[in-house]
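Hi everyone, thanks for making time this morning. Let me put the model up on the screen, and then we can walk through it together.

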Amino acid sequence: MAPTEESDDNLMRIYIEISAAFPDLLFIFESVFGGLVWILIASSLVPLPLTQGWVMFVSVFCFIGTTVLFSSYLIGSHYKEISWVILEAAYHCIAAVFYLSAAVLEGLATISMHNSFTQEHYLENAFATVFSSTATLLYVNHAWFSLIRWKFFRRIRRTLP
């Protein structure tokens, strides 16, 4: 039996729902790990102010950006325009690069304070390094899936009359 146009539309709708569900779950984890980095950096001693200032900026910027983007998706704006898909892909690519730089700089700050600060402050920065590295991986994965979603929406846009 040859596939009909209706079954193709149903398969496309199912694919859109599945591909939209997983990246949208990453918003929650990005907010959690970004918030943890924000809290740990805010509560730790600062051996390198410029370095940890950048880490703090990245964590606050990405936390607010992720919250705003996630809120817009909760109200369903990402299904209306392809521009939202492009915005999501661009934001997550930028956030991935920002968090990669933040994770490297926070690791540098942690290594530099190994012997000169108390164990408690060292562990705060070590955990901030781990959480910023985890946030980096989450943003990279979300950027990857956002680019796949963007490519898929472009393909759909070309095939629609």
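Predicted model: local features only at pLDDT ≥ 70, side-chain atom pairs only at ≥ 80, totals over all residues.

Residues are numbered from 1 along each chain as its sequence is written, and side-chain values use heavy atoms, with hydrogens and water left out.

Let's begin with the core. A nonpolar core here is a set of buried Ala, Val, Leu, Ile, Met, Phe, Trp, Tyr and Cys residues joined through side-chain atoms within 4.5 Å. Buried means under 20% relative accessible area, exposed means over 50%, and partly exposed is in between, with a 1.4 Å probe and protein chains only. The largest such core has 17 residues, and Cys62, Tyr91, Tyr99 and Tyr139 have the most contacts inside it. The elements giving two or more residues to this core are α1, α2 (49–74), α3 and α4. Those helices are DSSP runs of H or I with at least four residues, while strands would be E runs of at least two, numbered from the N terminus.

What does Tyr139 touch? Leaving aside neighbours within four places in sequence, Tyr139 is in contact (heavy atoms within 4.5 Å) with Glu30, Cys62, Thr66, Tyr91, His92, Ala95, Ala96 and Tyr99.

Now, cysteines. Cys62 counts as buried because its relative accessibility is 0%, whereas Cys93 is partly exposed at 30%. How many disulfides are found in the whole structure? The search finds 0, where a disulfide would be a pair of cysteine sulfur atoms within 2.5 Å.

On to the rings. The structure holds 11 aromatic pairs. Rings of Phe, Tyr and Trp (its six-membered ring) pair if their centres lie within 6.5 Å; planes under 30 degrees apart count as stacked, over 60 as edge-to-face, and the rest as tilted. Trp38 and Phe63 form an edge-to-face pair, 5.3 Å centre to centre with 65° between the planes. This pair links distant parts of the chain, with Trp38 in helix α1 and Phe63 in helix α2, 25 residues apart. Trp38 is partly exposed at 29%, and Phe63 is partly exposed at 26%.

Have a look at Trp54 and Phe98 too: their ring centres are 5.2 Å apart and their planes at 70°, so the pair is edge-to-face. Here Trp54 in helix α2 is linked with Phe98 in helix α3, 44 residues apart. Ring pairs also join Trp54, Phe57, Phe61, Tyr91 and Phe98 into a cluster.

Finally, some polar residues. Asn125 lies in helix α4 (residues 119–159) and is buried, because its relative accessible area is 0%. A polar atom of the Asn125 side chain lies 3.0 Å from the backbone oxygen of His121. Beyond four places in sequence, the contacts of Asn125 include Ile41, Gln52 and Glu106.

Is Glu88 buried or exposed? Glu88 sits in helix α3 (residues 82–112) and is buried, with a relative accessible area of 0%. Not counting residues up to four places away in sequence, Glu88 touches Phe27, Leu69, Tyr73, His142, Ser146 and Arg149.

How values were computed: Polar contact = N/O pair within 3.5 Å; in protein donor to acceptor, adjacent residues only side chain to side chain.
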